Amino acid sequence: MVIVAEELAQRLRVRMRGTVLAEARLDRYTTFRIGGPATLLATPLDREDLKVALAFARAEGLPVHVLGGGSNTLVRDGGLRGMAIHLNALQTLDRRGEMVETAAGVRVSRLLAFCCRHGLAGLEVLSGIPGTLGGAVWGNAGAWGGSVADCLASVELVAPTGEECRVLRDAVPFRYRSSGLPAGSVIVQAGFRLAADDAAAIRRRISGYLVRRNASQPVEFRSAGSIFKNPPGDFAGRLVEQVALKGTRIGNAMISAKHGNYIVNMGGARAADVLALAALAQERVRAATGIALELEIRVVGEQ
Ligand SMILES: Cc1cc2nc3c(=O)[nH]c(=O)nc-3n(C[C@H](O)[C@H](O)[C@H](O)COP(=O)(O)OP(=O)(O)OC[C@H]3O[C@@H](n4cnc5c(N)ncnc54)[C@H](O)[C@@H]3O)c2cc1C
């Protein structure tokens with residue numbers, strides 16, 4: 001398997017300008033710090049390089065998984081048979097008036113710092129959300145009643161075939177924690193329409209959100225954020241707390257004692273531990289309330 005992966009990597013390396021790793025450990029690319037290796041991990045330098053990687057994956061029949069900051073992703077212990085494409089080299093960030101154009105690999109924290117510097121308001125609710133703009137748009141990340149969809153103007157995509165298109169906000173079928181963008185398409189750029197505001201006021205709002213976040217969430221441990229989507233009219237964390245599972249441990253994974261909707265890696269946890277805890281919570285909550293909790297994290301790879 002390792003030999004096949006290395007051969008594939010060498011063939012892709014001569015086509016791409018970015019890096020290509022064979023049997024690359026994906027735990028290093030996720031905030032959970034969990035997960036087996038990917039057959040190939042490609043880091044394209046730009047759009048054209050991305051298209052080369054996508055064409056290679058198609059020709060070789062390799063499933064593709066796009067990896068942003070890996071902060072909403074659980075890679076199973078058996079790893080990913082296929083190509084993970086890491087977009088952290090896509091880093092352009094430009095402003096034109098109150099419009100900001102950001103490449104998919106830009107971190108949410110970097111965009112917020114940029115907005116503060118330029119006195120542009122609208123994205124403050126995203127404060128403290130790790131990961132990239134690509135991941136945030138893909139999953140319509142949000143908090144405190146707001147989300148990425150609120151200020152998005154347009155998004156640029158590359159299809160698995162390499163075709164590019166630009167989609168305006170109103171054509172993106174955003175829902176709670178979902179953009180509904182076509183499966184397999186890669187977000188390469190997002191445009192936001194923001195509002196001019198006093199930089200100090202923006203900074204104060206960001207600090208306020210960060211204080212609330214740090215007080216209620218186990219930010220000191222490795223996790224992938226909320227494990228479950230909030231069911232309509234309720235909170236997954238409250239339901240898990242109600243069935244007395246906070247602090248429950250399987251292997252080295254634990255349902256946070258601070259927030260019932262977080263599973264944390266206490267050091268060396270396996271994906272199987274996390275999934276067993278999630279299944280336990282789903283079973284207990286369903287038995288007690290009839291509510292089926294749906295996973296918010298993206299689970300990829302083989303057992
Ligand atoms: C401590 C902590 C707190 C968090 N708090 C919040 C919160 O308040 N609200 C919230 O919504 N989330 C929260 N999260 C979850 C996570 O940070 C967000 O979902 C984030 O937007 C994911 O971005 P990412 O780049 O890390 O995505 P990844 O985990 O890398 O990817 C997530 C999904 O998006 C896809 N994807 C990523 N980039 C692209 C792209 N360019 N094109 C196409 N598909 C792409 C991936 O294939 C995958 O399906 C939290 C996570 C942590 C660890």
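How many bridges join strand β11 to β12, and in which direction do the two strands run? Five bridges join β11 (residues 152-158) to β12, and the two run antiparallel.

1. Basis of the note. This is a predicted model, in which local features need pLDDT of at least 70, side-chain atom pairs count only at pLDDT 80 or more, and totals for chains, interfaces and linings use all residues. Residues are numbered from 1 along each chain as its sequence is written.

2. Overall form. The chain has seven helices and 18 strands (DSSP runs numbered from the N terminus, with H or I over at least four residues for helices and E over at least two for strands). Its radius of gyration is 20 Å, close to the 19 Å that the globule rule gives for 303 residues, so the chain is as compact as a globular protein of that length; the radius is taken over C-alpha atoms, and the rule is 2.2 Å times the number of residues to the power 0.38. The C-alpha trace spans about 55 × 50 × 30 Å along its principal axes.

3. Burial and contacts. Buried residues account for 42% of the 303 in the chain. A residue is buried if 20 or more other C-beta atoms lie within 10 Å of its own, exposed if 12 or fewer, and partly exposed in between, with C-beta atoms placed from the backbone. Of the contacts between residues at least 6 apart in sequence, 65% join residues at least 24 apart (a contact requires C-beta atoms, placed from the backbone, within 7 Å).

4. The five-stranded sheet. An open sheet has the order β6-β7-β13-β11-β12, with antiparallel pairing; two strands pair if DSSP finds at least two bridges between them. β6 (93-96) and β12 (164-168) stand at the edges with a single partner strand each, so one side of each is left without a neighbour in the sheet. From one strand to the next the twist averages 15 degrees. V155 has V167 in β12 as its bridge partner. Helix α2 (residues 47-60) lies across β11 and β13, at about 45 degrees to β11; axes are lines fitted to C-alpha atoms, for helices over the stretch in contact, and angles run from 0 to 180 degrees between N-to-C directions.

5. Strand β3. Four bridges join β3 to β5 (residues 80-86), and these strands run parallel. V66 is paired with I85 of β5 as its bridge partner.

6. The ligand shell. Of the 31 residues around the ligand, G68, G131, G134, G135 and G225 come nearest (a residue is near a molecule if its C-beta atom, placed from the backbone, lies within 6 Å of it). Two or more residues each come from β3 (64-67), α4 (133-138), β9 (142-143) and β13 (186-193), and α4 gives the most, with four. The shell has 14 nonpolar, 16 polar and one charged residues; Ala, Val, Leu, Ile, Met, Phe, Trp, Tyr, Cys and Pro count as nonpolar, Asp, Glu, Lys and Arg as charged, and the others, Gly among them, as polar.

7. Loop residues. N140, in the loop between α4 and β9, has a positive phi of about 45 degrees although it is not a glycine. With 20 C-beta neighbours inside 10 Å, N140 counts as buried. A244 also is not a glycine and has a positive phi, of about 60 degrees; with 11 such neighbours inside 10 Å, A244 counts as exposed. G162 lies in the loop between β11 and β12, and beyond its neighbours within four places in sequence it is in contact with K51, L54 and A55.

How values were computed. Contact = placed C-beta atoms within 7 Å.
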